[in-house]
Structures are given as C-alpha cells and as structure tokens.
Amino acid sequence: MRVLITGTAGFIGFHLSELLLEQGHEVLGLDNINDYYDVNLKLQRLVVSGIDIENIQYSKIIKSKSRNFGSFIKLDLDDKENIFKVFREFKPEVVVNLAAQAGVRFSLSNPDTYIKSNIQGFLNILEACRAYPVNQLLYASSSSVYGLNRNMPFSTHKSVEHPVSLYAASKKANELMAHTYSHLFGIPTTGLRFFTVYGPWGRPDMALFIFTKAIIEGKPIEVFNHGKMERDFTYVDDIVGGISRMLTLPPAPNPLWNPESPDPASSSAPYRIYNIGNSHPVKLLDFIAAIEEKTGKMAIMKMMPIQAGDVEKTWADTSPLQIDYNYNPYTPVKDGINKFIEWYLEYYKDSL
C-alpha cells in the first residue's frame, strides 16, 4: 500500500516507517523537523532510514538510499497548499498522522504552538483526505484525554470531558474533528490513544530518557507526586506492530450504535477510537529501580509534588483492539528498559 506517515523524524513515526518498509509498503514520511527537542536526534533517525539529510529542502521529496519504496519530505502540517500537493502527487491509500506538538508540560507555556500544529495542521490533513479520498486515516490521540477520569482501567467507551492540559484538549479536539469528517464525508478514521510509549530512539523529554541520562551522570532526578505515580508504559515495537495490523482493515459504521445511548468509541459513521497500551500499569519507583538495575547506578531522587496538568495513574483497557485486530503487546517493561539503555549507551558512547 502507499502510506503517508506524518512525523517520521519523530520517535513513533520513525519506528512505524521502518516496520512498514520492511513489510513492503511504499512509505512517504513527512516532518517539519522542529526544535522542540534535539534536532540532531531527529536527523539521525532519518539517516537510519536512508535519507541524505544534506539534501533536505523544504517541500522537496527525497528518496531513501537504502530503503526500497521509502521517501521523505520536509513540510509543515499547517502548509495547506503543499499538503494538498503531497496528496495529489503521492496518492496515499492510508494516512497515519503522528505529527503533532507533543508534551503536556510544554503546553502550559506555549499554547499557541498546539493550536497551529494539532488543530490547524490536523484540519489540513482532514481536508486533504476529503479532497483526495483515502481508504483510512489513522491518527495519534493520547491517554492524556482521560484527564480527571479515575475510572480504571481507562475505557474508550467512557466519556472524556475533563482534560487537564491544552495538549490533552487538542487531542480530544482531533477525535471530535475526525468524527465530523467521518460523518459528513464518509472518511474512515481511527484514533489511537497512546499510553506512554518508550524504547530506543525515544524522546529526550520523556521520563525514561531523562532518568537514564541523569542516573548515568550521577545527577538528581525529579520524582513527581513523591513517586506515587503509575504509568501504562508501552514498548514502541508493540505500538507500531499494532498499527501495522490496522492498515488494511478500516473501520466501518457500527450497526449497533444507538444515538439514544451513544458509545464514544464508535459511531453510525466509519469511526473508531482505540486505546493502544500495555494494559499493565507500572509504579514509577519500580520503573526507576529497573533503570538502576540495568545501569548499575543508584538514582538520586528529589521528591516533588505533582505537576499541573499531570495525572497520578494511567491504565489502558485494550480489549477492543485485541478483539478487532488481535493486538497483544508482549514486551515486559524491564526488557524494554534494557533495550532502551543499550541503545542509549551505544548512541551516546562518545560523550559518556
């Protein structure tokens, strides 16, 4: 299939692109390579994918030197004219929209960025799917949408009306926008609520990266809510493996959907929302202990109160994804942490 993946210089997008290319799909990756975190890390992901980063020019497609059927274009999602040009020329059969301004805490001080990328940018993707019909649009939502919800495990069949960060609100808005386009124009859309994805080539603003770096360097780490946090940490291979199963099976209208008792996870339109996580929340202190074990160093922990916009626990009910797509995450957290640290030590070996 011809697959357009936005955010391929990012963590999940990079891994998904690599997997789909291995499976024989034709992949066009798109990213604006912004400086939210280390640009060199993003560029090195592209290097692994065979992209000659010296020849990257805005809005110009570059063919991979080492991946058959792989290519890349540097582009902003809010550049509607060029987004439409990509759809017109590449003719994607499936779109996986992973590009977004990420980060709960960053949204507290940089709200405008989230509107530009996560709202306007997503609208342009929807409009392009309308103008140049696709078999399916899969897009990144987030576990953050559950906000003040404490009904565990988090279920897509429950409403999520109380976000606690603008980032979460922007992801909830994406789900609402997608439903509108599914209803009005028949575009099959699938929203994926990611639960704390981690692994090699991970983001430097995520806990595993921050903790690993600090522990190796003998520096203190800030442990929020005094360590009384739990996260449904999900290894990146499990995430992209799940997404790959969904490419050829777009959602259909739910014939049992009842407007008098509406299910938020489905619709009379071709629209679905899924949690994609590990379904096994891990205590933050146990997570840190696994890093200590692998690095052979003890963490210097600075206990802190919970931060604004944060939640104490996440726990995904992934049973609908298991039923519909045989999704079955298999990577234990300790194994995933070990793989990340092995990558980290190799990638940063010259600076350690």
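**Loops, rings and a helix contact**

Mentor: Lys-91 is found in the loop between α3 (80–90) and β5 (94–97). Keep in mind that this is a predicted model. Lys-91 is not a glycine, yet its phi is positive, at about 55°. Most residues other than glycine have a negative phi, and most peptide bonds are trans. Trp-201 is another non-glycine residue with a positive phi, here of about 70°. The loop that holds Trp-201 runs between β8 (197–198) and α7 (207–217). As for the peptide bonds, the one joining Met-152 and Pro-153 is cis, with omega about -10°. Pro-153 sits in the loop between β6 (136–142) and α6 (166–185).

Let us stay with Trp-201. Is its side chain buried or exposed? Its relative accessibility is 13%, and the limit for buried is under 20%, so Trp-201 counts as buried. Trp-201 also belongs to a cluster of rings linked by ring pairs.

His-15 lies in helix α1. Leaving aside residues up to four places away in sequence, His-15 touches Trp-201, along with Pro-200, Val-236, Asp-237 and Val-240. His-15 has a relative accessible area of 14% and is therefore buried.

Now the helix itself. Helix α1 covers residues 11–22 and helix α8 covers residues 236–246; their axes come within 9 Å and cross at roughly 55°. Angles from 65 to 115 degrees would count as roughly perpendicular and those under 35 degrees as roughly parallel, so α1 and α8 are oblique to each other. Their crossing is right-handed. On the α1 side, the contact is made by Phe-11, Ile-12, His-15, Leu-16, Leu-19 and Leu-20. On the α8 side, the residues are Val-236, Asp-237, Ile-239, Val-240, Gly-241, Ile-243 and Ser-244. Sorted by class, this contact has 9 nonpolar, 3 polar and 1 charged residues.

How many aromatic pairs does the structure hold? There are 26. One of them is formed by Tyr-36 and Tyr-37, with 6.0 Å from centre to centre and 65° between the planes, an edge-to-face arrangement. Tyr-36, at 22% relative accessibility, counts as partly exposed. Tyr-37, at 11%, counts as buried. A second pair to look at is Tyr-274 with Tyr-325: the ring centres are 5.7 Å apart and the planes stand at 80°, so this pair is edge-to-face. Tyr-274 lies in strand β12 (residues 271–276) and Tyr-325 in helix α10 (residues 319–325), so the pair ties together parts that are 51 residues apart in sequence. Tyr-274 has a relative accessibility of 2% and therefore counts as buried. Tyr-325 is buried as well, with a relative accessible area of 10%.

Conventions:
Residues numbered from 1 in each chain as written. Heavy atoms only, no water. Axes fitted to C-alpha atoms, helices over the stretch in contact; angles between N-to-C directions. Helix = DSSP H or I, 4+ residues; strand = E, 2+ residues; numbered from the N terminus. Parallel < 35°, antiparallel > 145°, perpendicular 65-115°, else oblique. Left-handed = near helix turned anticlockwise from the far one by under 90°. Contact = heavy atoms within 4.5 Å. Nonpolar A, V, L, I, M, F, W, Y, C, P; charged D, E, K, R; others polar. Phe/Tyr/Trp six-rings, centres within 6.5 Å; stacked < 30°, edge-to-face > 60°. Buried < 20%, exposed > 50% of the residue type's maximum accessible area, 1.4 Å probe, protein only.
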